[in-house]
Amino acid sequence: MSDAQDDLVIRPDFRTGLIVLVVVAVAGAGIVAAILIGDAPAVFALVMGGLFAVLIPLAIGALLSARITLTAHELVVQGLFGRKREPRSRVAEVVRASIIAPRGGVGESLFVLDAQRALLSRVQGSLYSRGGLTRLADALGVPCSGPDRPVSADEFAKTYPGLVSWVEQHPYRLAFAVAGVMCVTGMAVALVSLATAS
């Protein structure tokens, strides 16, 4: 990689991204329609519709702006809200892992580490094809390791500490906290509705 012609640029897998966007849009429309058809307060349809109205443009923006560029001098990971640059000379190791999501799905990630095994950058396989991740790992030209089978985030963190977040390691705790907040909010809306109706 001696000049700009030899730069490796990896873009998201647009076909998969578009399929996900269509599924999310249809699911959002279905949820809002179910709320409107049912006897739930219309405010819930407004909240859910607003949520999907924000999520879908963000997902489109991520799909269009994301890219990874590897030059002779640096690794650049471009996302929706920023760009992370790392000198290529700092890259010492790559860890590739398939991490099991809470509901059984598996997401592949590429963790780019420095000589002290500190995380420089993480590339999520949800946006990029498996072949793109393989090309990047090969082009970096550093040792590549990782579990030889899909593992949970908690299990992965025991072997590779500091690479996955607390939220990833404890997804059910976060889900229970979010569900609790939603239940309290729902009860508050119901109580206010009852109080104002009488």
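Colleague: What should I keep in mind about the numbering and the confidence of the model?

Modeller: Residues are numbered from 1 along each chain as its sequence is written, and the model is predicted, so that local features need pLDDT of at least 70 and side-chain atom pairs count only at pLDDT 80 or more, while totals for chains, interfaces and linings use all residues. Side-chain values use heavy atoms, with hydrogens and water left out.

Colleague: How many helices and strands does the protein chain have, and what makes a stretch a helix or a strand?

Modeller: The protein chain has six helices and nine strands; these are DSSP runs numbered from the N terminus, helices being H or I over at least four residues and strands being E over at least two.

Colleague: How do you know that the length of helix H1 agrees with its number of residues?

Modeller: The expected span of a helix is 1.5 Å times one less than its number of residues. Helix H1 (residues 14-37) has 24 residues and should therefore span 34 Å, and its end C-alpha atoms are 34 Å apart, which agrees.

Colleague: Why is Thr-69 called buried, and which residues does Thr-69 touch?

Modeller: Thr-69 has its place in strand S2, and its relative accessible area is 16%, so it counts as buried. Contact means heavy atoms within 4.5 Å, and, not counting residues up to four places away in sequence, Thr-69 touches Leu-8, Val-9, Glu-74, Leu-75 and Val-76.

Colleague: What makes the link between Arg-90 and Glu-86 a salt bridge?

Modeller: A salt bridge is a side-chain nitrogen of Lys or Arg within 4 Å of a carboxyl oxygen of Asp or Glu. The closest N and O atoms of Arg-90 and Glu-86 are 3.1 Å apart, and the pair forms a salt bridge. Arg-90 is partly exposed at 39%, whereas Glu-86 counts as buried at 11% relative accessibility.

Colleague: Which other residue is linked with Glu-86 and Arg-90 in a network of salt bridges?

Modeller: Asp-114 is linked with Glu-86 and Arg-90 in this network, and the side chains of Asp-114 and Arg-90 meet in a salt bridge at 3.4 Å, N to O. This pair links distant parts of the chain, 24 residues apart, with Asp-114 in the loop between strand S6 (106-113) and strand S7 (119-124) and Arg-90 in the loop between strand S4 (83-87) and strand S5 (93-100). Asp-114 counts as buried at 8% relative accessibility.

Colleague: How close are the N and O atoms of Arg-149 and Glu-155, and how many salt bridges does the count come to?

Modeller: The closest N and O atoms of Arg-149 and Glu-155 are 2.5 Å apart, and these residues form a salt bridge. Arg-149 is partly exposed at 43%, and Glu-155 is partly exposed at 31%. By this rule the count comes to seven salt bridges.

Colleague: What makes S3 and S4 paired strands, and what is the order of the sheet of four strands?

Modeller: Two strands pair if DSSP finds at least two bridges between them. Five bridges join strand S3 (residues 74-78) to S4, and the two run antiparallel, so they meet the rule for pairing. Gln-78 stands opposite Arg-83 in S4, and the bridge partner of Glu-74 in S4 is Pro-87. S3 and S4 form a hairpin with four residues between them. The open sheet of four strands has the order S1-S2-S3-S4, with antiparallel pairing. Strand S1 (8-10) and S4 stand at the edges, each with a single partner strand, so one side of each is left without a neighbour in the sheet.

Methods
Buried < 20%, exposed > 50% of the residue type's maximum accessible area, 1.4 Å probe, protein only.
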